[in-house]
Amino acid sequence: MNYIIYPPIQKDDLIGAKAKTLFDLQRHGFLIPQGFVVSINAWSDSLTPEQDFNIQLHPIVKEEIQQAVKELCPNGELVAVRSSAIDEDGEQYSFAGQLDSFLNVTPEDVPAKVIEVWRSGFSQRILAYRRQHNLPLIPSPPAVLIQRMVNPIVSGVAFGADPVTGRRSVAVVNAVSGLSTSLVSGESNAHTYYIDIKGNISQHQTEQLLEDEQITQIATLVRQLGKHFACPQDIEWAIENKQLYLLQSRPITTLAQIPDPDGLLNLWDNSNIAESYNGVTTPLTFSFARKAYEEVYRQFCYFMGVPQTAIVRHHDTFARMIGLIRGRVYYNLLSWYRVLALLPGFRLNRGFMEQMMGVKESLPENIVSELQSATWQDKLQDSWRLLKTFAGLVMNYILLPKRIQRFYLRLENALSLSEPNLADWRADELAAYYRRIEGQLLARWDAPLINDFFAMIFYGVLRRLTEKWCDGKLNSLQNDLISDEGKIISTEPAERMQNMANSVRENVSFVKLLCEGSLDEILKGMKQQAFEAQYQEYLEKFGDRCLEELKLESPTLHDQPLPLLRAIGQLAMLSEQRNTSNNRQKAEQIVNELFKKYPSRKLIFNWVLKNARIRVRERENLRFERTRVFGRARQVFVELGRRFYALDLLTSPQDIFYLEVSEILGFIEGTATCTDLKGLVAVRQPEFAKYREMAPTDSRFETRGIIYQGNSFVQHGKTTYSELVSQKQGIGCSGGIVKGCVRVIKDPKQVLGSTNQIFPPDTILVAERTDPGWILLFPFASGLLVECGSLLSHAAIVSRELGIPAITSISGVTQWLQDGDYIEMDGSTGIVSKIASTRGL
């Protein structure tokens, strides 16, 4: 058998990865030291069962090696004897330094060194490396690469990208005098050179070991190799007689874990959007929401008078308003700022937007300057455009009431059905109906967005005027002034629940049934009672308002009404009714007293206050209409899931949530690129299941370059909470001082389904975040503390209307407090004080 293999022959299973790479490069014209390979089968033929790894070369193997060395080194030149294992120098695992190699070997010693290389393939060091990287513990023996020694005046290593920082545009060259073994082993310090994509060279040392021409030649070589292998390379090189030799080339294995710091910066934050999309969501919900955000904010800019050319130029910005990070929805903040920068007053509006969105950290000033220069420069050059945009703001303010009326009419028209039972519709009819909703509403969501913008402006101005013209110590004066406005639909569920509880309070047996019975028992027990009509009216109006209501996969109260019935039963058991606050009346008295001597200020202040009240009220009411639209979309997709399941296209009707909107409609309409729906679901379900098991990603972080490659989704420099502190500061949203015991709610679904009393008296509800579905819990809370959120979040608005003292944006509060802690909270100042702790008991 021929145990010696020469280039350009490539037998991957016999010569190993390193030799294969070098043979391939030599064939493509790269300068490689001459040599040959002792194939892997030489090992098996040299080992017998009796020897137990006490290897002796088979006579034929030894003879072939000696003959090959004689031909390679006719004058007795020295050689290098190197390992070349099958899984060595791979893209994931380099095995760098794990197997033995020998330099300056005399021809006579080559056979012995071949044996040493073989033995190193089974060393404890190799077994530990394999165990560390979860590789098979039984390795294959390495092939052995034998090459003519190069006697360099200088040698070293080079990287096609910076392996430390991850910069792909910079090549790094390390050099030492003589052989590079001292560099690889760490015995010598290298001269290091950095070469950017334009060929500029920088170094950190004053001495120059290489000439600029040599540095450029090495950088060019490592980049050529990167193009050849389609990934940045880590190479060993040597210069002998002014010739640059390539000794080894392998992928830089660390780059997969490092983002490119030169890549595009993105800033992600879910402080506020998690109120709508808490936790891990599904592909269907995200694809629906992403498209909705793209369309409605493009339309928003159009209606606000932004020129069409500017809107077209920012096409990518609108497409990236939100993102999905490990299954969780985030705002792409820079996209939001770029949209806001299209409008006049960016610097002022930026603060208002951050306040409304609950963003805890403002945008870095260098990015602010970049955004302003990119937008205001154009506007200053074209004053007509600026004037037109400002005029658009004024016109939209004037026309907003009529826009809202037309929006409600359009909404009712789009949601009205000639045949209300969607279960009888064909799949193509359902798809067409969804397109109708999309065309009439999602692409024309003008009124809610414009109203949100003016709510942001007027509330922000009200807060500024309160700070400037009123006593600075009146922390939540502006919140008290817009509280108890009335006609806010989000408070109606709590009022209806209270009325239902009052109607059955005297019926002790039925109240017990509500608290402890099964759904079937309760529905049977409510027959022939006035309660049944109240209950049906509630579901008719608020059946889509549930926990995580904007996630299409969330079961609604129509699907699972038991949490509502449990909450009514527990509410009926309460003997005390919460007192209604008079914060608004007190705040108005304070303002009237302060402005007695300033009638012009009072006129301006009252105008701003009036508009802030109206816009905040409409903001909450229009958000309820969003719930109705999402609820109807949910019904459509649930029915399509049933159709696909009936046709054996899905394993379960619920699998529809693991498909994207375009994939579902494309399958029906003939535009799909993949028709294996079960296959798509099978790929996504395990991935999203893994996300649910993982710890949540941070609320705010930045990424560079490719979002899903190398970025850790961790906020750098974030502060850690201490359970030893006795006080925390948040944002006061609803005035009032309350003392009580803490109830930390991490899973509201579990609490709402409980048969036990939800809250004893004077319980303060503590949560990471809330959504409109939490309204079932609000009637039991004497106070509300929320880790995330803003002054205009749902929790803030509803708590003000219900007179519940509330504080939002309290970092780490769900970790700082635990069930049973006794605290005092001030909803005006935003201060929470821990009086007694149960920790350690």
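Helix axes here are lines fitted to C-alpha atoms over the stretch in contact, and angles run from 0 to 180 degrees between N-to-C directions. The structure is a predicted model, in which local features need pLDDT of at least 70 and side-chain atom pairs count only at pLDDT 80 or more, while totals for chains, interfaces and linings use all residues. Residues are numbered from 1 along each chain as its sequence is written, and side-chain values use heavy atoms, with hydrogens and water left out. Helices (H or I, at least four residues) and strands (E, at least two) are DSSP runs numbered from the N terminus.

Two helix pairs come first. Two packed helices are described by the angle between their axes and the distance between the axes. The axes of α24 and α25 (residues 661-669) come within 12 Å and cross at roughly 55°. The two are therefore oblique to each other; under 35 degrees would count as roughly parallel, over 145 as roughly antiparallel, 65 to 115 as roughly perpendicular, and the rest is oblique. The crossing of α24 and α25 is left-handed, a term for a near helix turned anticlockwise from the far one by less than a right angle, with right-handed meaning clockwise. In the second pair, α21 (residues 530-542) and α22 (residues 562-573), the axes also come within 12 Å and cross at roughly 130°. That angle makes α21 oblique to α22, and their crossing is right-handed.

Helix α24 also takes part in the lining of a cavity. A cavity is a set of points, on a 1 Å grid over the protein atoms alone, where a 1.4 Å probe fits but cannot get out, and its lining residues have an atom within 4 Å of a point. Of the 31 residues that line the largest cavity, Y293, Y297, W336, L449 and D452 are the closest to its centre. The elements that give two or more residues to this lining are α8, α11 (333-340), α12 (346-357), α16 (446-469) and α24 (599-646). Helix α8 gives the most, with six residues. By type, the lining divides into 25 nonpolar, two polar and four charged residues. Here Ala, Val, Leu, Ile, Met, Phe, Trp, Tyr, Cys and Pro count as nonpolar, Asp, Glu, Lys and Arg as charged, and the others, Gly among them, as polar.

The loop between β12 (265-269) and α8 (283-303) contains N272. N272 is buried, with a relative accessible area of 9%; buried means under 20%, exposed over 50% and partly exposed in between, with a 1.4 Å probe and protein chains only. N272 and S790 are 518 residues apart in sequence, yet their C-alpha atoms are 7.0 Å apart in space.

H314 sits in the loop between α9 (308-313) and α10 (315-319) and is likewise buried, at 14% relative accessibility. Its C-alpha atom is separated by 9.6 Å from that of L342, 28 residues away along the chain.

Two further loop residues concern the backbone. Most residues other than glycine have a negative phi. A230, in the loop between α7 (212-229) and β10 (233-240), has a positive phi near 65°. A230 is exposed, with a relative accessible area of 69%. D484 also has a positive phi, of about 55°, and lies in the loop between α17 (477-481) and α18 (492-504). At 43% relative accessibility, D484 counts as partly exposed.

Terms used: On a 1 Å grid over the protein atoms alone, a cavity is a set of points where a 1.4 Å probe fits but cannot get out, and a pocket is an open set with protein on both sides within 12 Å along at least five of seven lines; lining residues have an atom within 4 Å of a point.
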